[in-house]
Each structure stands twice: as C-alpha cells, then as structure tokens.
Amino acid sequence: MESFQNAHMTVHSLGVRFNQCGIRWVCRSMVEPEERPSVAGQRLGAPESMGISTLEPGQRPPSMPPGRQISIHVQMLDDTQEVFEVSQRAPGKALYDLVCSHLNLIEGDYFGLEFQDNRKMTVWLDLLKPILKQIRRPKNTVLQFVVKFFPPDHSQLLEELTRYLFALQIKQDLACGRLTCNDSSAALLVSHIVQSEIGDFDEVQCKQHLLNNKYIPDQDTLMDKIMEYHRKHGGQTPAESDYQLLEIARRLEMYGVRLHPAKDREGTKLSLAVAHSGVLVFQGHTRINAFNWSKVRKLSFKRKRFLIKLRPDLNQSNCQDTLEFMMGSRDCCKVFWKICVEYHAFFRLFEEPKPKPKPVLLTRGSSFRFSGRTQRQVIDYVKDSEFKKVPFERKHSKIQSISGLSPFPTKHCAEGQGERNTIASGHQVDSPLGRTQVTVENSALQRYTGSLTSHTNRCRNGTHDEADARTKPSPSKQQAEHLSTGLASRATKGPVTSSPQHGASPPVATAMVNGQKQTLSLGQCPDGRQPSPLTSPLLTDAGFVRTDDEDEVRRKRFPTDKAYFIAKELLTTERTYLKDLEVITVCFQKYVGKDEAMPDSLSNLIFANFEPVYKFHESFLKDVEQRLAQWEGRSNAHIKGDYQRVGDVMLKNIQGLKLLTAHLQKHSEALLELEKTCRSSRKLEGLCRDFELQKVCYLPLNIFFLRPLHRLLHYKQILERLCKHYPPTHDDFRDSRAALADISEMVVQLQGTLIKMENFQKLLELKKDLVGVENLAAPGREFIRLGCLSKLSGKGLQQRMFFLFNDVLMYTSRGMMPSNQFKVHAQLSLYGMTIRESEDEWGVPHSFTLFGLRQSVVVAASSASEMEKWVEDIKMAIELADKCNDPSSEILSSSFTDSKCPDESSADQESEDDLSASQTSLERQAPHRGNTMVHVCWHRNTSVSMVDFSVALENQLSGNLLRKFKNSNGWQKLWVVFTNFSLFFYKTHQDEHPLASLPLLGYSITIPSESENIQKDYVFKLHFKSHVYYFRSESEYTFERWMEVIRSATCSSSHIRSFSRKDVY
C-alpha cells in the first residue's frame, strides 16, 4: 500500500497508464499554482488546494483574481438556485470554493459542479481551467451542484450535513428514474424520506404529503406500502432517516451509477460506468461485468473507441488482453475517460497527484489530471481537525432539528437566521403530531435554535428512553484496522447555539413540553434525543455528555461495598448473556424457519435444548435485578440489611441450573450436527452464512453455541471473587461457598467437552477464512496459533498469514478475492521438521528457518517477542507430531505433505497492490466478513494462540463506561461488551446489535499520565499508533476488572497455560 503514496499520473497516447503502484500521470501543460497569502483566522496546517470551505465567522471567502465580475447560477441539491459573483479570470476552483463556503461544507470533495456544454453534453467543471473557457455563455447556463464520488460505505461520511446532501441526491435519482430498484426497496426508501420530512407517522398527514409530492414514477400504486413502512419508523430523527436511506441505497446495483452509452465489437448496445472499485459494464440496468482497478493496466481512447487494457491473468491462458468499446463520439470517450481518471485517483491514491514541469519540446496526450484531495486525505483531514458543528436547515423537512452546538455568544445567532424559528418563552412550535407548547423557565435555554418535537417526552434526566434505542441506525461493516475517531464541533455560520465551556458544568434548564416538565442539560439536544447517527463511536462523541456533578451524585447514592460491584458485574454480564441466547432461540430460529431449510430433527435438537436454558436465565436475571434494586435502596428492604448479599440468589439458581446439565451437554452435539447438515445442504449452509452477516450476529454463529458452557466459567470466577472478599463470619459467605462448590462440580463435568468444542469451533471459523484446503476440521486436528510472518523469497520479504496446527503448518496470502479470504499456498508437515534461528545467516531481524522433509522456508517475525512465541509453539507442535504421529497417520494422510499450490511461484510475485485489491472489489461473489480475527492479525501484523482465544472468550465483561476521544472534551456514556478480543459499543444494554466494535489486538492499555490532563478517577487509556481512547469506570473494582480483561486480550499468553488449563480438570 505504501506504493500509492508516491503515485503520480502519466498521460500516454491520450491514455492513463497503470503500473503495479496504481495510476500514474504527468500534467505537461500545467504550472504550479501560485502560493496565496494566508487569510486572517485561517486554520493552521490546512492544505490550500482542497476545494472545500473551512470558514469561521469573521473570515472572508476565497480571494478572487482581478477582473470583471460575472454572475454564475448554481442549482443546489435542495432545488434552490444561488447566484455567485466570480471574476471572469477565475478558475473553476474559485467558484467551487464559494459554493462550499456558502454551504459551510467540510467534506466538499465528494461533490462537483456539472453543466451542459455547447455540444449539449453533460460535463464536470474543471477546477483548474478558467470558468469562461469552459462555459461560453454563463448567463444562460445553470450549473448543478451534485454528488460526484459515491463511496461504498456511507459511514465514511463523517458529517451529518454531507449525509443530508447525499440523501437529497438519492431523492433526485429516485424521482428521475436513475436509481432503479424493486417495489419494496423503492417504498422503503420513500418511507425514510417522508419520515425525515414530516416526522412520525400520521395517516392523514402522510397520505396528503404523498399526494402533494412525487418521489418515484409509480408512487400511486405503492402508496399503501410506503405508509406501512413509514408507520414502523416512529422516533427516527431526520439524521437517522438519512442514515437509513443511504444504508438501503448503497446496496442497490444502480447506486451512484451514471451510464455512458456504448457498444461492444459485435455492436451490442451496452453502457459503461465507473465506481470506486473500477469500470462497470451494464446491459440495460443489469451489470454484466466489472473490471477492478487492480486488474486494469491502462485506460485510453482513440477517436470513438474506448480501450481497457488488462493485466495478464496467470490462471487463464486465453484471457483477452484489451477490451474495446465504441461510444457515440470522441468527446463522449474523453468525458468518460476523465471521470475514470478522477474516480481512480480519488479512491485509490493516498494523496493528490503532483504535476510535472512543462516539457520544452512537443507534448503527447492530454494534460488533464485529477485536482483536489483524495478520499483518504479528506477522512484524515476531518478526523485530525477540530471543527465546530454547524446547524443547517433542512429545506423540505417540517422537523427543525439542531445539528450541532457552538460556544459562540448569542450575538451570532442573528446572522443568517432566515426562516428558522427561535425557541422563546411561550412560543408554539410545529411538530409532526400537532403544535407543541414550549415554555422555557431558564434563560440559558433560550439560546437554542430549532424546535422541540414530540420526542422530548421520552427524555428523562438527560438521557433518552432506553426502549427507543432499538430503532437507532448502526454503522455498516467495520474495518479491521481501526475504529474511527469522532469529530469535535466546528465553526458556525448562520444560526448557532450555546454549549458549555470546557471544564465547566453546563447549566440545566427546565422546559414545559405539552404540560410536562423536562430537565435539559445544555450538553444535549433540546429535543431530548441524541442526534444519531452522529453518536456512533465511528462518527462522533457529541452527545450523551455526562457532567461531573451527576457522577458525584451517583457515587453518593449507590453502595460502595466491593460485594455490591461483584453482584453488579453478575447483573451486567447476565444481561449480555441473555441477549446472546436470544441470537439462537429467537433470531436464528426465525431466520432459518422462514425457508424451512433445516430438518426437523436438527431443529428440535438445537431449539429444544436452548429454549429451556433461555427461559431459566430469564428468571435468573429477574432475581438478580430485583436483588440489586433492593441492595441499592430502591425499596425499603435495605433498611433491614437482609438484601445486601447475592450468594443466596446464586445458590438457589445454580441448583436449578444443575437440573439443565443434560441440555447443556446437548449443545455440543447440536453444533456438530449443524456442521454435518450444512455440508450436505447448500441451502442451509447459505442461510447460516447469510445469518452471520446480520448485525445481531456480532460474533461467529458457532460461538453462540458455546456461550452456555462459557457462562459456567463466568459464574465460577464471580463466586471465587465473592468468597475471597467475604470473611468466614459474613452472612453471605456460606451460601456463596456452597454455590461455588456446585458450579465447580458442573465445570469439572463439562470442561472436557468445552475444550474440544472450542477447538472444533475455531477450526470451523478458520475454514471460512481459507481457500485451497480441504477437510480442515479433520478428526484429531488441533489449532495452536495463527498470525503474520514475512516469508523470504526471490522477491524479498512478503507478508504471509501462517496457521499452525498440531500436524501441519500452512501459509497463505490475501489474494484478489472479493470474499477477502486467504489463499493457501503450501502446507508443511510437522513430522520430521526442524527449526533454526537464522538472523545471522540471512541478515534479516527476527528470522528463523523451517526445514521440512521436502521444503525449507525462511520467515521473519515483526518483533523478538513474536518470534519467541512462534518458535516456542512450533517446537511444541513438532514434538507432539513426532510423538503422536507418523507419516501414515490419519491426519497427515488426509492433508498435503509439504504440498505447494501450482501457482505458488507466481503468488510470491504478487504486488501489495494486488493483495489489497480485494477490499475494493465489487464483484458479487459469496459475501464474507472482512473483520474476522484473521483479518485483524493481518492488518496489525501480530498473532494469537488458541489459549488466547479461550481466555478472551472466558473473560467476558460488560457494563457502562464513559468514553472520551483524544481531542474531545465531553464523556459519552456507552454500554460496552468485551469478548473475543474486541470491545463492542452499544447505546444501552437493550440494543439488539452493537453500533461499532474495536478489535484490541495490538492496542496497549495504560493509565493516563499527568500531562494528558484527564483529572478523573478510574480512567484507563487504550492506544494504538495515533489512535487514543479514554474510558472511565464507576468504581475501583470495575476499573481493575476492565484493566484485567483487556490485558488478557492485548497481552498474548504462553502455550504453557494450555497444559495447565487442561490438567486442572
């Protein structure tokens, strides 16, 4: 990937030449732009040639070249038309900067200005050329401000304003028929648009609104279905509706597609399009082919012919090298070629290509080049900069919502107020459910702008109703590399609001909403809701701000005894465990039942043994919740002191759990039978694979089958801590010790089954990540370690993924497969293998050589500690293979002995561009998770062992934490679940699925230093490279517990622990 950082562009024969580093070009007729003087108030470090606005109040728009002013009309995405005055000598960038400045748009690089030229062709405004050389008659031309670059994942759009503009673009594409889809998808899209415009469902209002507004061509026939979907969106804010709209739209085949008519060599009518992944070919509205950027060597055109030259495919000898398409004219070819150049540069390069000096002699080809920032630069710029969020007006929405808060005084509020309503004492404000009477009893609240909706009624003491959290949108698939950090607030233009100053507790105001008092902190939105999806850990931390005063009150109100926090850990983890059981008993049962793909015998085996366990733990959870409520003093029971214990509740329920031992033993049998049936039924296998892609299935499906066995270990750990804390004379000690004896007996009885099933589950999980190996879950095979090592070949050191088992060592690479799977290159038998450190021999740090019976391999670890782990585990595996196996053993005979794939020699020659290309491919093959533990190890160049996996699963922890980003001021309250080497973030424990996840491999956990100026108790810090997160817990006990379990994920265990773990029982 580093090769992209130095990529530049070369135009050859009117073509763009690709090499293994990407697209390269030279702009032969351009000169370096003159350096402009800095403007007063300009942000430090902001690049000049960005084509976006970062203006704060008091700053001037970009300076114009001298010359006569001309008026340019620009049609915005909300159907308004604006007039901008620019110099007749100004380049296109000057006009574009004015438009972005007018909108106060930070992520302006995704957009462009298009217009019809004198040939009646729709073209993009070139930011480097003078405007008058492109637009001959500016008075009669209207430019369209539209989305130019459509990213594959809308969670990459970090600003609510950007997502709102994208939603407007989707709305336009639906109306004009450009975005085609089936009736159900169209109705669902329109229902979200209507929700964002008129709010919650009201039959009369919704029907009238649909009669007055046309969103899709055949809207009348779908009106009932639109209203049916709209009814289900209750409680969604406009921002959430935008997010859901983009979530649905991005999955459509025609999302972001702009068709360019063409013909193939046989004269068949086709259409060409370009996307983030490469060049697409359509027949009508059906995509029939796609050429990924990694496969394209060169794009060019000659007269009417558009040429795509491909890299040679090593697997296909008769592969066509050059594809030719006939377009309407040379100008059509050039227009499409230009947008291909821009799409490739925007999505594939790390930085804007630099122009080369103008040659002295004749030039060949076009001087066109991409100007502006790449997507990577835009994302990094927004993440690393501190912007204050700006309120903006949704022109078509009857719901006025505050999109951001600013610390500027109220004198700025008058600027650009327009038609916005200001909340004042006694004013009435329109809401979707009628008119809401708002009375402000505190003058501090009068500085808010926008309007209160009926959702305020669900706000209690600064947090929204937890039951409503189920309707929140979730970011889409997470990258394995990092959890994106949030945004700070940005400068305001137009209506602004007040927020608390850093370090001071925000004032609290009381508002009368429909006759009910509501307490509102200035750290939250006045509509009583968090402006989701900006509250997602992937996007920003603006919201759920909890003040220090609230913390102090909470600490004084609740007990401080360590036994109370141990009991509370039991409660929080039991809530998470019950949700995990629901994945099997509710979600999975419903998903596989709709197609009747599962045999009745298997269905009975699974659900008849899980449902009794689920019902038992429902009752158990209620008992624990009731006891904690009594312990906290929410009843009069605490006066007697009889309920400040939990051992009796544990003893009663563990004795009941012992009666379910037969059901627990059947869970492993159910997992084995499910895998056996999936091998014989492709339909069931596809359903299970698709279910794993659902948001509710946040872990591999097989792990949920082992949850009841893991939970026994959790109970044992909790009771051990409780017995250690209590003195023998304590009233609760006897019950706790008796419960510990009962649960220990169950653990001893089921421990052997758990160890075998953990290994089997891991083999099944790895099977989904690997291509080119058969019978991976062979009887007797045990997984030991996986991780990254660099393999030494004729090309040098190349990153490879190694998998160590008790009989074989496999190494793989992540090839050009859209499923993100790893291709097995070779399997080295451990029988007779020797290992020798070879750093001095090869001059490569941390390297060692593996000598097999038929092949030797030189590999290097990323550090001395990684090398020590690998060498130790490989030696142990070799000893086991020599003792327990011989060349004729069942496992070795069923796998390849020192086998090597036919294309291994060519695979070693793959460039890093090829290996990473699968991330950007849109070729529709079997979907696959891209954030599994294998991918995390690949990205972070580390390794984990089977012992590490077991410890991470057994050390599950959950509860509320306050999270803070490196450059933010407020703390955001989140429900956090630790399991499987990751932190999963929810808004509340009632949420059906996580908002985001943070894989912890590679992270370090420490306590903040004094220089970081945190000044809070019970804070720990997670950091990986430049990514830093702070978390606050509520007590010393919970702080120590979080530190303990996270260290178990960030510090790898030795294999010696695996023997002790097996021998204990």
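Trainee: Which residue in E26 stands opposite leucine 770?

Mentor: This is a predicted model, so keep that in mind throughout. Strand E22 (residues 770-771) runs parallel to E26, and 2 bridges join them. Leucine 770 belongs to that pairing, and the residue opposite it in E26 is phenylalanine 822.

Trainee: What is the bridge partner of tyrosine 811 in E26?

Mentor: Look at strand E25 (residues 808-814) now. E25 and E26 run antiparallel, joined by 7 bridges. Within E26, tyrosine 811 has as its bridge partner alanine 826.

Trainee: How many of the residues of strand E26 are buried?

Mentor: Buried means under 20% relative accessible area. Strand E26 (residues 822-829) is mostly covered. Of its 8 residues, the number buried is 7.

Trainee: Which strands stand at the edges of the open sheet of 7 strands?

Mentor: The order is E35-E34-E33-E32-E38-E37-E36, with antiparallel pairing. An edge strand has a single partner strand, so one of its sides is left without a neighbour in the sheet. That holds for strand E35 (996-999) and strand E36 (1004-1006).

Trainee: What is the average twist from one strand to the next there?

Mentor: Stay with the sheet that has the order E35-E34-E33-E32-E38-E37-E36. Going from one strand to the next, the twist averages 35 degrees.

Trainee: Which residue in E34 stands opposite valine 977?

Mentor: Strand E33 (residues 972-979) pairs with strand E34 (residues 982-986) in the antiparallel sense, over 5 bridges. Valine 977 faces a residue of E34, namely phenylalanine 984.

Trainee: At about what angle to E32 does H11 run?

Mentor: H11 covers residues 562-593. This helix lies across strand E32 (957-965) and E33. Its angle to E32 is about 95 degrees.

Trainee: Is glutamate 569 buried or exposed?

Mentor: Glutamate 569 sits in helix H11. Among the residues it touches are Ile718, Leu957 and Tyr1037. Its relative accessible area is 6%, and the cut-off is under 20%, so glutamate 569 is buried.

Trainee: How far apart are the C-alpha atoms of leucine 719 and alanine 741?

Mentor: Leucine 719 is in helix H17 (residues 701-725). It is buried, with a relative accessible area of 0%, and its contacts include Met650, Ile654 and Leu740. Alanine 741 is 22 residues away along the chain, and the two C-alpha atoms are separated by 9.5 Å.

Trainee: Which strands are the edge strands of the open sheet of 5 strands?

Mentor: The order is E5-E4-E8-E6-E7, and the pairing is mixed.

Trainee: What is the bridge partner of histidine 73 in E8?

Mentor: Strand E4 (residues 69-75) and strand E8 (residues 142-147) pair in the parallel sense, over 3 bridges. Histidine 73 has its partner in E8, and that is valine 142.

Trainee: Which helix packs on the sheet, touching strand E6 and E8?

Mentor: Strand E6 covers residues 111-116. The direction of the helix makes about 110 degrees with that of E8. The helix spans residues 160-176, and its name is H3.

Trainee: Why do the rings of tyrosine 110 and phenylalanine 346 make the pair that they do?

Mentor: A pair of aromatic rings is described by the distance of the centres and the angle of the planes. Here the centres are 5.4 Å apart. The planes stand at 75 degrees, so the pair is edge-to-face.

Trainee: How many residues apart in sequence are the parts that this pair ties together?

Mentor: Tyrosine 110 is in the loop between helix H1 (92-103) and E6. Phenylalanine 346 is in helix H8 (residues 330-348). Tyrosine 110 is buried at 0% relative accessible area, and phenylalanine 346 is buried at 0% too. The pair therefore ties together parts whose separation in sequence is 236 residues.

Trainee: How many aromatic pairs are found in the whole structure?

Mentor: Some ring pairs link into a cluster, including Tyr96, Tyr110, Phe145 and Phe346. Over the whole structure, the search finds 38.

Trainee: Over which ring does the charged end of arginine 940 sit?

Mentor: The distance from the charged end to the ring centre is 5.0 Å. The ring belongs to phenylalanine 1024.

Notes. Residues numbered from 1 in each chain as written. Predicted model: local features only at pLDDT ≥ 70, side-chain atom pairs only at ≥ 80, totals over all residues. Heavy atoms only, no water. Pairing = 2+ DSSP bridges. Helix = DSSP H or I, 4+ residues; strand = E, 2+ residues; numbered from the N terminus. Contact = heavy atoms within 4.5 Å. Axes fitted to C-alpha atoms, helices over the stretch in contact; angles between N-to-C directions. Phe/Tyr/Trp six-rings, centres within 6.5 Å; stacked < 30°, edge-to-face > 60°. Buried < 20%, exposed > 50% of the residue type's maximum accessible area, 1.4 Å probe, protein only. Lys NZ or Arg CZ within 6 Å of the ring centre and 35° of its normal. Lists of a residue's contacts leave out its neighbours within four places in sequence.
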